Amino acid sequence: MYMYLPIALTSVNWLLVVGLGLGVGLLSGLFGVGGGFLMTPLLMMIGIPPTIAAATDANQIVAASASGTYAHWRLGNVDYKMGIYLLIGGFVGGAFGVQIIKVLRATGGADFLIKMTYVVMLGVVGTFMFFESLNALRKNKNAATVEETKSSAPVEKKKGFFGSLPLQTYFDKSGVTHSALVPVVLGAFVGILAAIMGVGGGFLMVPVMIYMLRMPMHVVVGTSLFQIMFTCIEVTFLQAYSNHTVDFLLALLLLVGSVFGAQVGTILGKKLHGDQLKILLAIIVLAVTAKIVLELVLEPSMMLAMKGGH
Amino acid sequence: MNTTLISRFAVLLVLIGLTFTPAPAHAVTSKVSPDNIKINLTYHGATLSVTGENVAGDDLIIRIGNEADDAHYKYMGKAGGLFWMKKGDVSFKNVPGVYLLYSSRELENLLDDAAQTANLIGYKALTEVAEMETPSAELKGDEARWKNEFIRFKEKQNLYAIHTGTVTRQHGQTNDTYQVEVAWPFQAPPGEYTVEAMAVRNGQVVERSRAQFTVERSGVVAKLSDLAFNNAALYGMMAVIIAIIAGFAVGMIFKKGGGAH
């Protein structure tokens, strides 16, 4: 039942780790998030050092997102054009975010900024998604319609400032027209926040795609997974090469669970409505926010912590 | 002439006497088994058996650990008087990474404070020898509290422990024999460790002996560790490629299970 992890230097119950992978993979397939904001704290709870938990999680997300991307690609749910623009912005933003953290670490303000960014971003995103989805569900009930809902269908509306930007291009898969600058800049913004928070940024990218890029929910999930896969490939390689913090055996156990979980999540998502998916994700995001707030205000049981991680 | 003969005879008698007189009970001995612990894929710690002989009636203290080193941490504090978070760096110098202590009786019944400190026995002795370093002004002047936090942290990791009354002894004709079973924690990193058996008599450590054992990676654990640290680029590529293949392979297995939301 136990397996020794050569980089984490600890022994874990491998069934428990596979189970964690399965659970988080399920969320990944359902919502198009990598699940880093959930998995890293869970790994730390079972005794994995923070730096190794974060880096190894990126490795398993490569597998889960590849599995999910493949499933969504087969369903025609991946907007590659949009994904690549977001990816370009994400890489630039990520590099910029890493520099911000370096400067803040030197001045001693990094940890405070990281925690506050977590609480504010998760709280705002979770609350907004929750009430927006709740309203949409109520409206749907009142209208008693089985047609595609407003949120899961592309809506071409007057874009104001966005519409006046140059390089307007039509995104066939999503059925929306935007300036190419919009996804690049939004991708960069998410990239900066993701680098500060040390996560893949899926839970930020998904709302950005839904509410700012007005993409249909099902294309959002596939495109988000496509983008996360590339981000996590970069993170895994850099962490393994520069910091030696990727525990491959741990990643292998997690990915055995997560790749299956991602597939089950995709099948399960098929049975759920777009707004139901969003409200579920909102509840999970709000629960994680509540956990972080509690950790911030309650006195910790241990007053010392290993160096590294958040 | 007679005097010389008598002297020689006397020396001979002394030598014969020395040869046939039973040796005085001395030197506590120690042996650890196994003396080599292999960390393989299914490793979850080990059971060590420390055995030896000691002078009848002596008490025993067995200390297991490694070389003293420096330990670096982040300390938790309140930012803005409201939020708990990692605030700054703190280091503890001259502290062992692993410190397991076993004794035949309660430590305070064996040695006084001075003797415990002199022999590095007990947490109080450890905190007296340890030095704390931090750039933070708020920690200075409160060293005792933070050294105790360090001990608590190590105890939680199962790397520090004190088990009194756990050394079992059996009386022999000349010497006693002793034994202690040690649950070696899987959290202890690979390296060289020392077992030190101390015989205690009349409030003093009168004799000591040492045995050594090693903890080392083997098999797949050793190979992966070697690859990760000595060929990091290849290791990183392997981790990425296997993850991608696994993801797509499972995607293909589930090919018929997919469908639109």
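Author: A:L9 counts as partly exposed, because its relative accessibility is 26%. The cut-offs are simple: buried is under 20% relative accessible area, exposed is over 50%, and partly exposed lies in between (1.4 Å probe, protein chains only). The model is predicted: local features need pLDDT of at least 70, side-chain atom pairs count only at pLDDT 80 or more, totals for chains, interfaces and linings use all residues, and side-chain values use heavy atoms, with hydrogens and water left out. Residues are numbered from 1 along each chain as its sequence is written, while chains are lettered from A and ligands numbered from 1 in the order in which they are written.

Stay with A:L9. It sits in the loop between β1 and β2 of chain A. Helices (H or I, at least four residues) and strands (E, at least two) are DSSP runs, numbered from the N terminus. The phi of A:L9 is positive, about 55°, although this residue is not a glycine.

A:H244 also has a positive phi without being glycine, with a value near 55°. Its place is the loop between α9 and α10 of chain A. A:H244 is partly exposed, since its relative accessibility is 23%.

Now turn to the interface. α10(A) gives the most, with 12 residues. By class, this side has 38 nonpolar, 16 polar and eight charged residues. Here Ala, Val, Leu, Ile, Met, Phe, Trp, Tyr, Cys and Pro count as nonpolar, Asp, Glu, Lys and Arg as charged, and the others, Gly among them, as polar.

How much do the chains share? In contact (heavy atoms within 4.5 Å) are 62 residues of chain A and 61 residues of chain B. The area buried between them is about 5,700 Å², and carbon and sulfur atoms give 73% of it. Buried area is the accessible area (1.4 Å probe) that two parts lose on being put together, summed over both. In chain A, A:Y4, A:M303 and A:L304 lose the most area to chain B, together 14% of what that side buries.

Polar links cross the interface too. There are 10 residue pairs in polar contact between chain A and chain B, both residues at pLDDT 80 or more. Such a contact is a pair of N or O atoms within 3.5 Å; within protein, one must be able to donate a hydrogen and the other to accept it, and residues adjacent in sequence count only if both atoms are side-chain atoms. Salt bridges between chain A and chain B number zero. A salt bridge needs a side-chain nitrogen of Lys or Arg within 4 Å of a carboxyl oxygen of Asp or Glu.

Over all chains, the structure holds 17 salt bridges. B:D58 pairs with B:R201, their closest N and O atoms 2.7 Å apart. B:D58 is in the loop between β3 (46-55) and β4 (59-65) of chain B, B:R201 in strand β12, and 143 residues separate them. B:D58 is buried at 2% relative accessibility, whereas B:R201 is partly exposed at 33%. B:E196 forms a salt bridge with B:R63 at 2.4 Å between the closest N and O atoms. That pair links strand β12 to strand β4 of chain B, 133 residues apart. B:E196 is buried at 4%, and B:R63 is buried at 14%.

Finish inside. The largest nonpolar core has 64 residues, and B:I62, B:I64, B:W184 and B:F213 have the most contacts within it. Strand β12 (residues 191-201) of chain B gives the most to this core, six residues. A nonpolar core is a set of buried Ala, Val, Leu, Ile, Met, Phe, Trp, Tyr and Cys residues joined through side-chain atoms within 4.5 Å. A second, separate core of 49 residues includes A:V125, A:L165, A:L213 and A:L296.
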